Amino acid sequence: MDKLIEVLQQLVNGVSLGSIYALIALGYTMVYGVLRFINFAHGDIYMLGAYSGFLLAPLFAQTFKFGEFDTFTPENTLFILCGAGLVMVLSMAICAGIGVLIERIAYRPLRERPRLNVLITAIGVSLFLQNMTQYRLGADPKAFPQLIPVHVVEGLGNLTILTSQLAIIIATVILLIILRFVVMRTKLGLAMRALSLNPTACSIMGVNNDIVISFTFALGSALAAAAGILVSMDSPSINPLMGNLPGIKAFVAAVLGGIGNIPGAALGGLIIGILETFVVAIGFPQWRDGIAFAVLIVILLFKPTGILGRVEREKV
Amino acid sequence: MSRSLLNLMLALVACVFISFFGENFIASKFAYYYDILISIGVNIILATSLNLVNGYTGQFSLGHAGFMAIGAYASASWSNHLDPLIFGIVAGSGNPVVTNVAMFVSTLFAGIFAAIAGFAVGVPSLRLKGDYLAIVTLGFGEIIRVAILNLDFLGASRGLSVTGTYTNLFWTYGSVVLCIYVVVSLVHSTYGRGFLTVRDDEVAAEAMGINTTKYKVVAFVVASFFAGVAGALYAHFKAFVTPEGFNFFRSVDVVVIVILGGMGSTIGVVFAAVLLTILPEALRALAHTQFVPTAYQGLLENRLILYSLLLIILMLTRPQGLFGDGAAFKKWLGRSRAD
Amino acid sequence: MAKPTWMQVCLGVLTLLSLAPQNSHAEIKIGAVTCLTGALSTFGVSSIQGAKLAVEEINASGGTLGQPIQLIVEDNGSKAGETATITRKFISQDKVVVILGDLTSSATMEGAPLAQAAKIPLLTPSATNVAITKIGNYIFRSCFIDPFTGKIMAKFALDHLQAKRAIVMTDVKQDYSVGLTEAIEHFFNQNGARISNTFSYSSGDTDFRTQLTEVRNAHPDVVFLPGYYTEVGLILLQARQLGIKCPFVGGEGWDSPSLIQVAGKAAEGNYYTDHFSAADPEPRVQNFVQIYRAKYGAIPDALAALWYDGARLLAQAVQRAGSTDPAKIRDALAATRDFDGVTGRISIDENRNASKPGVILKIESGEPKMVQQITP
């Protein structure tokens, strides 16, 4: 029984970690879908999301009494969630704007060029964002203000689940549902899907590709920002380089799921998260970063386009 | 003897000459520039060899630092453990013949070791295409790093001191010359046209009966060999290696050089390697100049802000790479290569 | 080649820049190398703030040997190989008289052999690996070595906390943490007390619950956490969230206001060894804390204090040497006795390591309080 609890426990830890990877991976995969390039600066949007939350929270601290509640109670739950939600939505909006701006300045002029060239500007943008943040706000880790009270959820016996972990999982599910709606049910979503199938045909049909691409960047960046805020609620220490590692891992997750495939990115993120957690749990924490890659390699060798990726038939 | 082989010999002799007469002078009087010169050489080897994979063969490897790490650690272990056994007391005496033989052996060992690793990685993973290949090579690079981090006899995160600072201008630029020679000859040979066909149209190449997988693996193994050589040169110059020195960002540095130099242009990549090695050092000098108003001094102290901006601007203004396909540069040199 | 391309312009500008005049009038040059960008920048930035403050103070009171000190600061970008390049630059271009740095042990291991070969004294204020000062007689350090810190941590846990079973959590990516772990293991395993397990993590991780769940199941008396504050804050927070009650014991890597800000109440009741305490009523400490705060708007952490002391120690050695001859400065450095530093009374021993008292601090009501003073 104890073993079962432990496995369940690590599964919860893995899912909450994986949700974060999933949210970031979605941005990679959507951008890849429309532009066929890896947006290396995406991990830094996640970092900027956390920092905008850090800068925004004090503005609403008085109205929403951030940090004043120790536990969730039936009376205060809605109030707390409104406050945290507001900060999150605003940060998402800010980062969506930044994402669009980056695309406009650094990526669009190179769109007709080989896509590896955009990789260089993306690396440049990534370095710029990291070091500019460090220059303006300092290199030291900053304590992220407490948006929601973090404590163990009662009534689960030996299972330790924190409110912040629960928040990550629930918020991720909600965001995924919204994303699914946007992509499948709206005109812009339709245009996004069309663009990823065939850009030329798409623009012949009267779609303004520029707007769709900007929209994709906005959507991906907003999700990354949400991930940044959610992580910071759970692990309240933020620094300018916090996006590097999750960025790479989310990239791995996106490829694992089949890059360009939206459900694949979510699935890939969850798999990587759970996998990492179990590698640590069975006693190989030092191999954490390595094993995720090893499994990815094995999977890719058997399924070269990722788990849900479609095999693109080459036309001659 | 063919003309290109003659060129190689001449260049090697020049390296010996420069090293023999200039080495001590530069190393003692201009140690800083000497260091930059060696770093340039190491970066040229890394970038030219990666260019064979990423540029000429059209594959996308993101794990070059991993093979460099293998080379560095292999040659360091060789020198630390086997040199004393083989050369005995003579190794410590600084006898130039012994040190150079020791350097040759450990560098060759590093290259072969890295090439074997490259073969082991390349055979299964080169079936993958594009970004899938990129992530797998990135993965292998990271696995190599994490493995070193967990091997206590390699010093783990404490790093490994390397006995014997054998690297000098001859070994560095001799390897540079050899690397360029191998890559250029390979690509320009009848055999080597296969690399370009793999890049230009893999399906057509296969239809013409070209074994594309074989070409990819050959490119990958050759590139890994030279990455290993670069690692050995690095290890025997800095005399200290740490796993963090070969992380993902080191691989990215090399990829940046290749793309900025113009994929598939050896001369462009060589110049990009020179430029991108000097650039951070020039920015260092800039941070200390008196011209800059005090208000901006802080911005310059963080060299990466300006570096990243320059990177973006370079790419936006020269999207075809610094030299494109190198044709313009060849014209400037006033001769065109007869293939 | 009709018009100069941007490439040529760019190269030209770069050449001009490197030829540009550097300020080079008669000043005593100290080269300082640390990591201002990259993964370790948070440590490097505060270290250099400490060093700059010291140099400003010295220059305000007339400098050394009647000349102002020029601190040439270089950034190694947290990259391997850079410190060697910078050390060569200090020696051959800048012609510094002494070198201050580097911050981490692995970076110092690159620079120290070069300084030794060129016979330029090098003092590292924060690299703790024992091997460094063994490189040669020109290499000094003004901080603790790993075995010393490891020993006082182990002894404190054994004597003061009566710990029998302990767990170590190591940051495998940081040489500091790996070195300290070895020392702790060496000194703790005695008299029936033993380290029952070691768990590792890597800097940059934010989720330590998996390891901590295992720690909780093992019911240790004490957990050794020889890491840096960048992760320790989160680890403490998550440990308390999971209901781990036993105390955590760490080293000087914990010392930063950001640890307590991040961990909040979870930091309470944990111990760490340190060189100094910012709350120490001693006037020289309070004086330092005050000026540092006035200039940078923050409480100094251990690295700032160590580098402040390091820079002052070098300046004082130059003063005592009475000349800028590196050999004489080396002798003066080696003869350092009872230097009144912020981080304690420093004497340089025969192995060129610092011998100075340490403190053990306990975090209580949001502040580190001194529990014990340890004399070497």
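Two residues are in contact if their C-beta atoms, placed from the backbone, lie within 7 Å. Keep that in mind as you work through this predicted model.

**Exercise 1. Find which residues of helix H6 of chain A are buried, where they sit around the helix axis, and what covers them.**

Solution. 
Step 1: Go to residues 187–197 of chain A, which form helix H6. A residue is buried if 20 or more other C-beta atoms lie within 10 Å of its own. The buried residues here are A:Ala191, A:Met192, A:Leu195 and A:Ser196.
Step 2: Look down the axis of H6(A). The buried residues fall within an arc of 135°, so they line one face of the helix.
Step 3: Now turn to the other side of H6(A), where A:Lys187 and A:Leu197 are exposed.
Step 4: Look for the cover over the buried residues of H6(A). Helices H1 (2–35), H5 (163–185), H7 (199–204) and H8 (209–234) of chain A are included in it.

**Exercise 2. Describe the make-up and overall form of chain B.**

Solution. 
Step 1: Start with the elements: chain B has 14 helices and two strands.
Step 2: For the extent of chain B, the C-alpha trace spans about 60 × 60 × 45 Å along its principal axes.
Step 3: Check burial: 55% of the 339 residues in chain B are buried.
Step 4: Take the contacts in chain B with a separation of 6 or more. Residues 24 or more positions apart account for 82% of them.

**Exercise 3. Work out how many residues chains B and C give to their contact, and which element of chain C gives the largest share.**

Solution. 
Step 1: Chain B gives 35 residues and chain C gives 34.
Step 2: On the side of chain C, the elements that give two or more residues are H1 (6–19), S2 (69–75), H3 (82–94), H4 (105–118) and H6 (175–188).
Step 3: H3(C) has the largest share, with seven residues.
Step 4: Sort this side of chain C by type: 15 residues are nonpolar, twelve polar and seven charged.

**Exercise 4. Explore the largest nonpolar core and name the residues that touch the most other members.**

Solution. 
Step 1: This core holds 348 residues, and A:Ala226 and A:Val252 touch the most other members.
Step 2: Helix H9 (residues 212–238) of chain B gives the core its largest share, 17 residues.
Step 3: Leaving out residues up to four places away in sequence, A:Val252 touches A:Ile272, A:Ala292, A:Phe293, A:Leu296 and B:Ile135.

Note on methods. Residues numbered from 1 in each chain as written. Chains lettered and ligands numbered in written order. Predicted model: local features only at pLDDT ≥ 70, side-chain atom pairs only at ≥ 80, totals over all residues. Helix = DSSP H or I, 4+ residues; strand = E, 2+ residues; numbered from the N terminus. Rg over C-alpha atoms; globule rule 2.2 N^0.38 Å. Buried ≥ 20, exposed ≤ 12 C-beta atoms within 10 Å, placed from the backbone. Nonpolar A, V, L, I, M, F, W, Y, C, P; charged D, E, K, R; others polar. Arc of directions from axis to C-beta. Core = buried A, V, L, I, M, F, W, Y, C linked by C-beta atoms within 7 Å.
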